[in-house]
Amino acid sequence: MNCAKAAECISALFDGEPISREVTAHLSDCEECSARLNDYAEMGADLREIANATGTRQAIPQGQWRSAEPTTAINWLMRWRGTMRIPRFAFALMVIALLALSTGLVLTRATTTDRWFQYELFGRDGRKIMSGTAPTNPGGNPYYDVDGGMTYPDGVVWFRIRIAEQIGEAEKIAAKALWAPKGSNREAFRERLNDMPEREFLYSPGKDLTIPVDGYGSLEVKGHFEAQLPANVRMGLYPEDGVFRISPPLVLVREKELLMKGDMGGGYGSIDRYYFAYGNQSEGWFLFSLKPFAGAVEGTLKMNQIEFTLAGKPYFLFTGDPIMFGSVKVWVKHYVAVQDFDPSSPAIDWKAQNGPALVFGELKNLAVEK
Amino acid sequence: MADDSDLWKRIRLRDAGAFEAFYRNEAGRLCAYLRQIVGDAQGAADVMQETFIQIWKSPNGFRPELGSLRGYLFGIGRKRAAEWWRKQARLAEVQGEKSEEGSREGGASFSAIGDAFARLPEPQRSLLWLREVEGQSYAELAAILQVPLGTVKSRVFAAREELRRIWGSSGHGARSEK
């Protein structure tokens, strides 16, 4: 052992790190290394003295953080909820024949809508881009958007069409459309759709509607009204009438805190017979039912979101697909363990579970409060 | 560590009282540390404020298992200080000026060790301040500087040796002349 080899160990020793016996032996016999250790000690003490005499004793100014808006945490949830409102169809860059997002609206709208609007959208070359079926939307429901894109050798036309409102025998259609020439940033153009104002058109059944698009030509809409929802459209985005469906991922948020996120398998069941519960080991269980039960608080189920309040704090549950169509009441209660609400359910082995769990059960088995 | 976690949880929940306490506890120490990096009292105060604003606006990224909340704060402060230097350099370029070491306000120039310390390169000054004054462990320094533990050990040693060399060459560290 020589001084050069021992030096770094002496620095570590000064910081409380263990050193080898060999270095210890060298240090006890070496004046130069002893002097190094003493110098380190003196330098450190002097630096702390300087710190005490300067910075840490200075008056602390008023924190400017108070005037800074905590934008991220708050807006994160708002933004997220906004974009999670309803899953949109993926943009298709080929000739497509999509059903409109309104597929399955029969669940609640079938009894209230007078008719259905079946339409086809054609491009500038007369080729069909897509077709859809939507309620005529007498209430102006905002969820009926359809998004799409069509590629051409010289660019892409992006469009977003909303079946906006039934007005007498006609249907108001709101549309945004944009032409992205070849070589332009396609995605940037697509994003620009968000900022564009809608143009409104009044469509009369049996006639053609022309939607002019700068630089492209025009899109054509042809359609007619049906008194009944076609059977092939009924099954789609929403579950059948009287059924709720839970699709992963499941995300539970309390205020702005993410409580649990799970990507387990989903399930579905009759709203009259079944409940579902979502929980983990640390937060316990949140039991949800479309039927009221004793001790539960009332919340709101809207598409793929459930919003409720427990102990004064707002909660949000998000699922991967709409649970049901529209906005309905839901009842929620918190429990510590599965057996607290359903003795017939097997206990969860949290060690094997590795994350939150989703369970379904029959409402008749609920251990409701007397 | 448990206290840090609790405090962080409250900060994430936008608890202004908790953040004010955090600010009161740490602002002075952070400012003193930043002064060693930027070499300017006003600049250090500005960077300190920016550091707290950043955490208040975006309270994410702290991982208790990687170190203390103070270490996390100092790590962000160090990055903000680096940005401050880049801005100063651009400003100097625009103004056609040369950034002079002597134009900076000395970190602590009223003692022999202070003089020597002020002559250390900034990374070594920053590192020694965190180790000697703030008492950050090697593990915490590794988290702040985002370098391996072994690198921290060798860099601390190198910084001490450099300080000792400057101190000795100025005639103050008599023992180092042996």
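Asn280(A) stands opposite Gly284(A) in β14(A). The strand β13 of chain A covers residues 274-280. β13(A) and β14(A) pair in the antiparallel sense over 5 bridges. Two strands count as paired if DSSP finds at least two bridges between them. A hairpin of 3 residues joins β13(A) to β14(A). Helices (H or I, at least four residues) and strands (E, at least two) are DSSP runs, numbered from the N terminus.

This is a predicted model, in which local features need pLDDT of at least 70 and side-chain atom pairs count only at pLDDT 80 or more, while totals for chains, interfaces and linings use all residues. Residues are numbered from 1 along each chain as its sequence is written, and chains are lettered from A and ligands numbered from 1 in the order in which they are written.

**The sheet of chain A**

β14(A) spans residues 284-289 and is mostly covered. Of its 6 residues, 5 are buried. A residue is buried if 20 or more other C-beta atoms lie within 10 Å of its own, exposed if 12 or fewer, and partly exposed in between, with C-beta atoms placed from the backbone. β14(A) also meets β18 (residues 327-335) of chain A, again antiparallel, through 5 bridges. There, Phe286(A) stands opposite His334(A).

These strands belong to an open sheet of 9 strands in chain A. The order is β11-β10-β17-β16-β15-β18-β14-β13-β19, and the pairing is antiparallel. Which strands stand at the edges? They are β11 (257-262) and β19 (357-362) of chain A. Each has a single partner strand, so one side of each is left without a neighbour in the sheet. Neighbouring strands are turned by 25° against each other on average, direction ignored. Here axes are lines fitted to C-alpha atoms, for helices over the stretch in contact, and angles run from 0 to 180 degrees between N-to-C directions.

Now the β11 end of the sheet. β10 of chain A runs over residues 250-254, and β17 of chain A over residues 313-318. On the β11(A) side, Leu252(A) stands opposite Met260(A). The hairpin of β10(A) and β11(A) has 2 residues between the strands. In that hairpin, Glu255(A) takes a positive phi near 55°.

| Strand pair | Bridges |
|---|---|
| β10(A) and β17(A) | 4 bridges |
| β10(A) and β11(A) | 5 bridges |
| β13(A) and β14(A) | 5 bridges |
| β14(A) and β18(A) | 5 bridges |

**Chain A as a whole**

Chain A has 9 helices and 19 strands. It holds 370 residues, and 33% of them are buried. Two residues are in contact if their C-beta atoms, placed from the backbone, lie within 7 Å. Of the contacts in chain A with a separation of 6 or more, 63% are between residues 24 or more positions apart.

**Chain B**

Chain B has 8 helices and 0 strands. Its pattern along the sequence is α-α-α-α-α-α-α-α. Of its 178 residues, 42% are buried. Among contacts between residues at least 6 apart in sequence, 62% join residues at least 24 apart.

How do α6(B) and α8(B) pack? Their axes lie 9 Å apart, at an angle of about 105°. The two helices are therefore roughly perpendicular to each other. Angles under 35 degrees count as roughly parallel, over 145 as roughly antiparallel, 65 to 115 as roughly perpendicular and the rest as oblique. From α6(B), Gln124(B), Leu127(B), Leu128(B) and Arg131(B) take part. They meet residues of α8(B) including Arg155(B), Val156(B) and Leu163(B). By class, this contact has 5 nonpolar, 1 polar and 4 charged residues. Ala, Val, Leu, Ile, Met, Phe, Trp, Tyr, Cys and Pro count as nonpolar, Asp, Glu, Lys and Arg as charged, and the others, Gly among them, as polar.

**Where the chains meet**

In chain B, 42 residues are in contact with 33 residues of chain A. Helices of chain B that each supply at least two residues to this side include α3 (41-57), α5 (112-118) and α8 (149-169). The largest share, 10 residues, comes from α2(B). The side of chain B that touches chain A divides into 21 nonpolar, 8 polar and 13 charged residues.

**Confidence**

The predictor gives the complex an ipTM of 0.73 and a pTM of 0.41. pLDDT is the predictor's confidence in each residue, from 0 to 100. Chain B has a mean pLDDT of 77, and 81% of its residues reach 70 or more. Over residues 97-110 of chain B, pLDDT stays under 50. Residues 173-178 of chain B also stay under 50.
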